[in-house]
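My notes follow the structure.

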Number of protein chains: 2
Amino acid sequence: MAKQERGTRSRRAILRAAAEVFDERGYDAASTNEILARSGLTRGALYHHFPSKEAIAAALLEAHSEALVAPDDSTKMQAIIDLTFGFAYRLQRDPVLRASVRLAVEDTSFTRPVNTPYEQSSATIRGLLEQAREQGETLPGLDLTEATTMIVGSFTGMQVMSQVYTNRKDLPERVTTMWRLLLPGIVSPGMIGHLRVTPPPAAAAAPEPAAVGA
Amino acid sequence: MAKQERGTRSRRAILRAAAEVFDERGYDAASTNEILARSGLTRGALYHHFPSKEAIAAALLEAHSEALVAPDDSTKMQAIIDLTFGFAYRLQRDPVLRASVRLAVEDTSFTRPVNTPYEQSSATIRGLLEQAREQGETLPGLDLTEATTMIVGSFTGMQVMSQVYTNRKDLPERVTTMWRLLLPGIVSPGMIGHLRVTPPPAAAAAPEPAAVGA
């Protein structure tokens, strides 16, 4: 195995182990000792890749942008809807993404640019909303900044509540509820009947999400 | 001062001090030593009222229901809207309510019935929605369970994001955004123009919120 490849594997192992510990305990209670133990690597290897716990957390936030891949759909509102279902699907399965979301929601000693995940989500959705508007899918006069804030904000709240109530098992149903209530304020009336607000059929058979840095 | 009154004052002092510490550090990092130091009371007084840190947290969750006083308005949707603005107003000013919300949003070792605040909010809003439906304010066929979930969920997300971005300074503007986008999916079209989605004028001059247990 080439040196570079070994390095990439070590880095992934650290991020995966750290994500599990952050996801279970939160940032402040997570110790580098426990991260080391789970990764099976040496302290030297850890510090080679990341100078501090903070640096690991910052790298985990990158997972957020990787989960923001908009499905290709000619109807841009459908692409936005499916983006949220895809994100929900990965949240249920990927500890790296869960750790990144937990870092964004909780108030800890991690002095990161904590709004990075929200900025990334907002930029992606805003871009799709602009395309949707160009295609005449949105309500005339819709304020895209407001619509972006509301989509990101209500998804955030739905996933926080879903975690509290069912450890995210009912997240897809909550996302369906969100879109059913939200679409009349966003899309033109003629569009509503053409949009699917349930998870895309493909999600059930989608491959496991790639690891951070993959 | 009568003995009972002294007891009530001590209890309030503990809850206020604990709320500040929980609000600043989160449940797990909060120590009873720091709560004691801030309250100015003895350890004996603390344990007289609360056997554990967990018992204090459980009492703080009660603050949530006290902040759920629906304003009296003949239009029930306006009462719901103003309830959310009143809650936002208190979140900006009352550490006791902030502590209760932080306990509900974050994943800590506190093994409480963590969904209590969401249940309380949902019950209040659901009751008002039923009255709104009776008065013909809601969209025909609206699923009140879904509408309740969406109102509580999107408010939760708006306040989490507002905290991250502005330490809750822009929360009223985010609540306005929420209602502007959400109303078309909830109320009958004729109602929208009759509802105010900005903070009620009285909120600016409202008295400071009462302490827990007051």
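These entries cover ring pairs first, then charges over rings.

Entry on the model. I am working from a predicted model.

Entry on the count. I looked up the aromatic pairs over all chains and found 6.

Entry on a pair between chains. I took A:Tyr165 and B:Tyr118, whose ring centres lie 6.3 Å apart. Their planes stand at 50 degrees, so I noted the pair as tilted; edge-to-face would need an angle over 60 degrees. I then looked up where the two residues lie. A:Tyr165 is in helix H8 (residues 144–166) of chain A and B:Tyr118 is in helix H7 (residues 116–134) of chain B, so this pair joins two chains. For accessibility, I have A:Tyr165 as partly exposed at 27% relative accessible area, whereas B:Tyr118 is buried at 5%.

Entry on a pair within chain B. I next took B:Phe87 and B:Phe155, with ring centres 5.7 Å apart. The planes are at 80 degrees, so I wrote this pair down as edge-to-face. B:Phe87 belongs to helix H5 (residues 76–93) and B:Phe155 to helix H8 (residues 144–166), both of chain B. The two residues are 68 residues apart, and I noted that the pair links distant parts of the chain. B:Phe87 is buried, with a relative accessible area of 7%. B:Phe155 is also buried, at 10%.

Entry on charges over rings. I looked up two cases in chain A. A:Lys53 lies over the face of A:Tyr27, 4.5 Å from the ring centre. For A:Arg93, I found the charged end over the ring of A:Tyr89, at 3.6 Å from the centre of that ring.

Notes:
Residues are numbered from 1 along each chain as its sequence is written. Chains are lettered from A and ligands numbered from 1 in the order in which they are written. This is a predicted model: local features need pLDDT of at least 70, side-chain atom pairs count only at pLDDT 80 or more; totals for chains, interfaces and linings use all residues. Side-chain values use heavy atoms; hydrogens and water are left out. Rings of Phe, Tyr and Trp (its six-membered ring) pair if their centres lie within 6.5 Å; planes under 30 degrees apart count as stacked, over 60 as edge-to-face and the rest as tilted. Helices (H or I, at least four residues) and strands (E, at least two) are DSSP runs, numbered from the N terminus. Buried means under 20% relative accessible area, exposed over 50%, partly exposed in between (1.4 Å probe, protein chains only). A charge sits over a ring if NZ of Lys or CZ of Arg is within 6 Å of the ring centre and within 35 degrees of the ring normal.
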